[in-house]
4 protein chains.
Amino acid sequence: MKEYILLIDTVDAKGLVYNISKVLFANNLNIEQNAEYVDNDSNKFFMRSVISGDVNPNMLLKELKEVLPENSTIKLNKKTKKEIVILATKESHVLGDLLIRYIDGELDANIKAVIANHEYLRDLVEKFNIPFHCVSAENMEREAHEDLVIEQIKEYNPELIVLAKYMRILTPKFIKEFPQQVLNIHHSFLPAFIGANPYKQAHHRGVKIIGATAHYVTDDLDEGPIIAQDVVRVDHTFSWQDMRRAGRNVEKVVLSNALQLLLEDKVFVFGNKTVIL
Amino acid sequence: MKEYILLIDTVDAKGLVYNISKVLFANNLNIEQNAEYVDNDSNKFFMRSVISGDVNPNMLLKELKEVLPENSTIKLNKKTKKEIVILATKESHVLGDLLIRYIDGELDANIKAVIANHEYLRDLVEKFNIPFHCVSAENMEREAHEDLVIEQIKEYNPELIVLAKYMRILTPKFIKEFPQQVLNIHHSFLPAFIGANPYKQAHHRGVKIIGATAHYVTDDLDEGPIIAQDVVRVDHTFSWQDMRRAGRNVEKVVLSNALQLLLEDKVFVFGNKTVIL
Amino acid sequence: MKEYILLIDTVDAKGLVYNISKVLFANNLNIEQNAEYVDNDSNKFFMRSVISGDVNPNMLLKELKEVLPENSTIKLNKKTKKEIVILATKESHVLGDLLIRYIDGELDANIKAVIANHEYLRDLVEKFNIPFHCVSAENMEREAHEDLVIEQIKEYNPELIVLAKYMRILTPKFIKEFPQQVLNIHHSFLPAFIGANPYKQAHHRGVKIIGATAHYVTDDLDEGPIIAQDVVRVDHTFSWQDMRRAGRNVEKVVLSNALQLLLEDKVFVFGNKTVIL
Amino acid sequence: MKEYILLIDTVDAKGLVYNISKVLFANNLNIEQNAEYVDNDSNKFFMRSVISGDVNPNMLLKELKEVLPENSTIKLNKKTKKEIVILATKESHVLGDLLIRYIDGELDANIKAVIANHEYLRDLVEKFNIPFHCVSAENMEREAHEDLVIEQIKEYNPELIVLAKYMRILTPKFIKEFPQQVLNIHHSFLPAFIGANPYKQAHHRGVKIIGATAHYVTDDLDEGPIIAQDVVRVDHTFSWQDMRRAGRNVEKVVLSNALQLLLEDKVFVFGNKTVIL
């Protein structure tokens, strides 16, 4: 029996759960998992259900549309591995972590390709029999280079694009091409230490905790909806290199946790925030 | 408009959400918050809803009973402050924390009384104009002393009994008198270091992390369902007294977090585990 | 036998440890605890020793001065309880926590007085038989009010001033009066969310972690050397009030941990950072 | 100029630091880093110094021996990359993490070989051009198999042996062959959930936190000195497989942090505990 993930994002209204569950019940579907959240401030309703049964997806979507408020977002995703493309630059800690999970079978995704703006990571990626494309940015305008990257990504038509320490700033055009599809790990505990050399900044400020933030990329650099965060303790004996080492451990774990949530369709974007169901 | 908390604990079945939401919809109730969880291993269904509207509680319970499987547990609690009694011995860190929250208005509870087996804490408690009863255990059998404590508690008919470092072992009789009403904070990170002097044990073992566990008290000492846990880092420079100091911070925060969950009716007991909705 | 805490802060130089230990050895002193740290970037040397024996403090300081580089900072503090004054406004969670620790004997300090700019906390403080002074700021210029507060503090001549959620901005004059004596708990995880309503800011940003920072107060608001930090996890189900509740737990624990470090003379200020020995 | 790490482990005595620093000063050595710890309970003294200069190691050791108490342990290690051998079975998360760090240049070690009791990990290891040896245990007595493993390890004469999820119990003979050289990551938060299937145990117990413990291996299974620990939060929605996934993240980070401490000679064993300097 096939499994689907039903995702509903709409305004809250009396009888919403009743109306949705009536449709599911009438279609003789099993609800394997179900989670809802109402945001009372904004009167928004979010639902994620894992359902199984003999479904005619189009019919079901049509029936749900009829009982839901206008402008509701309704998705019915087959429960399968998503296809992803990874962008990177030179650092291998996040990428390497994804590769190890991949061959482990622990990543619910197919890595279609790794695209980088340097050659450094080719050896590592090709060890794992994954296509590697270097799209050099040397002597190019930002926009022209980005166009090449977009073109390369589109060849693989991925559902998600994972920035695994991709150190280039994306333009609004990129975001427009792949809306709500781009996951980034920020080398810092947002909203602090935005910008270059965050570990030097943190070291200079004498912080006792550093962290990492995984977030959707939006037009507003480093300001997209936060999906996952974590921290690690440091102290005065840490050089900034030690802080970077500690921070990298957090980065790779936070990115992988956030990616897992996306692969399971558990993340709703809501204003500049996320609801995780 | 009155608010109620509806709690349902039953076996999972097709159409459950549909049937429940039909009843709520038919009664014209607003669902302010809603959370469900299905445990697939055991086929159990849990639901917590905050509802508002003109309710006839008995009628509603009757209607819900009709659409739910036999032996379902259905509760409809008015959303009010619960009444609690605190048991203590000599240590004041957990008790003091509850008292400060209480006068702060941060505790959604009325503290009816504090009962202790020593006089030490009388001064502190009476500063806050809360009745204090010392039920000394000196020269008494465990059962006889406990009977006096039970009697004293019953005068206040509390919904919850909070063991704020009450250092005496409770007999099954006590648990039977107050089933699923007794919250304890364990001076350790269960299931490790059960027993006396946990901080000396932890120090001797050279652990790098210590913690605390808030749990329901059951017949099986220190083995009741866990509600909340937290930890704190320690190192070789910590004497066992330093570990105790660090541990006490964790104890009071974990106990207060767990109590908050109970006061909001968010905890379902399920086998020897809890589901927090 | 008396115990002293020896604190040395100087430029690093070859033979430093040798020269210091020679003096201590020649004076027949026991070294109960010893910790040193060399910051290689800045070539600074820090040492904290707990020593016991028959000491003539002035003689010892003189002998140490002779073997140390010019402009070294050398302190020899008797190991006793420090005297502190607490400043507060209306919130009681941090103050209350200090009071409970105080009567517990867990705070290595004598609380000489609590000074507030409102009357709200008088009842709580006087329960503990501690002098409470309300220095109202109503209808006063900032400087004039602060002068009154400074005057009131000086009556007690405290070694440390603890801002337990004192919600007024201090002027450089205040800092000049009490250099490196003022400890603050920042209602946020610095350097993020500086300013008013940090929990609303954090809620609006949709963060998954909130924290608190204890730091020395300097002229540069909220930018003084960080002494301790901690965090707690939150999620989309947290209202900003829930975040505040969670944040308050962190605030009081972080402040109390930082204060403990100060009371044990374990904190060296170093540029805008701290070294904790 | 060569750098050395000087490690001293002895009984505490008056003048110890003076005597040691006198020798270092007389030899005209620079002290790059220095850390000491005195355990007052046991009267033990530990020191770790990074020193540089023109050293005759044997002379220096001789001079230090003369001024230190009898039976002192004094080591002078050249500051170089240590050689390690990794033992594994089938799981790749810890091993993979080490391999990625290795090619990153982030691991201060040379991985001489990976030895496993199954063939599963050969492909992964050989991608990184590291010798892989499968020493199958099939149809063999524990002792006979272990003898083969010991023999294979000895060919590489490593300074450290890292058990990266090596799922076989070691006999006292193994420990005797490689005393204080074997690092293990325990799939649990010791001392809880010792034994098989810790994540099932943790899931069954309904814990809210799981963790991992890196420790030296001693004769007493899972009871060796703890080097590093960490935890991660879980809740009722985690299946035991989810707990395992979360736990694996902790395992690999804790193991790598502990290994880093060993590679920098920062760990002293002391009874069944560790001092980290």
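Tutor: Copies of a chain are superposed by least squares on the C-alpha atoms of residues with pLDDT of at least 70 in both. This is a predicted model, in which local features need pLDDT of at least 70 and side-chain atom pairs count only at pLDDT 80 or more, while totals for chains, interfaces and linings use all residues. Residues are numbered from 1 along each chain as its sequence is written, and chains are lettered from A and ligands numbered from 1 in the order in which they are written.

Student: By what turn can chain A be laid on chain C?

Tutor: The shift along the axis is 0.0 Å and the RMSD is 0.0 Å, with a turn of 180 degrees. That is the relation of a two-fold axis. The same surface serves both copies, since 100% of the contact residues of chain A recur in chain C. The turn asked for is 180 degrees.

Student: How many residues does chain A bring to the contact with chain C?

Tutor: Two residues are in contact if their C-beta atoms, placed from the backbone, lie within 7 Å. Chain C gives 22 residues, and chain A gives 22.

Student: Which elements of chain A each supply at least two residues of that side?

Tutor: Elements are DSSP runs numbered from the N terminus: helices (H or I, at least four residues) and strands (E, at least two). By class, the side of chain A that touches chain C has 11 nonpolar residues (Ala, Val, Leu, Ile, Met, Phe, Trp, Tyr, Cys and Pro), four charged (Asp, Glu, Lys and Arg) and seven polar (the others, Gly among them). The elements are β10 (209-216), β11 (226-233) and β13 (273-276) of chain A.

Student: Which element gives the largest share of the side of chain A that touches chain D?

Tutor: Here 13 residues of chain A are in contact with 13 residues of chain D. Two or more residues come from each of α3 (93-104), α4 (122-127) and α8 (240-263) of chain A. The largest share, six residues, comes from α3(A).

Student: How many helices and strands are in chain A, and why does it count as being as compact as a globular protein of its length?

Tutor: Chain A has eight helices and 13 strands. The radius of gyration is taken over C-alpha atoms, and the globule rule is 2.2 Å times the number of residues to the power 0.38. For 277 residues the rule gives 19 Å, so chain A is as compact as a globular protein of that length, its radius of gyration being close to that value at 21 Å.

Student: How far apart are the C-alpha centres of the two domains of chain A, domain 1 and domain 2?

Tutor: An automatic or database domain assignment sets the bounds, and it divides chain A into domain 1 (3-78) and domain 2 (82-276). Nine residues of domain 1 are in contact with five residues of domain 2. The distance between the C-alpha centres is 31 Å.

Student: Is C:A246 buried or exposed?

Tutor: C:A246 is found in helix α8 (residues 240-263) of chain C. Beyond its neighbours within four places in sequence, C:A246 is in contact with C:I210, C:V232, C:V234 and C:F238. A residue is buried if 20 or more other C-beta atoms, placed from the backbone, lie within 10 Å of its own, exposed if 12 or fewer, and partly exposed in between. C:A246 has 21 C-beta neighbours inside 10 Å, so it counts as buried.
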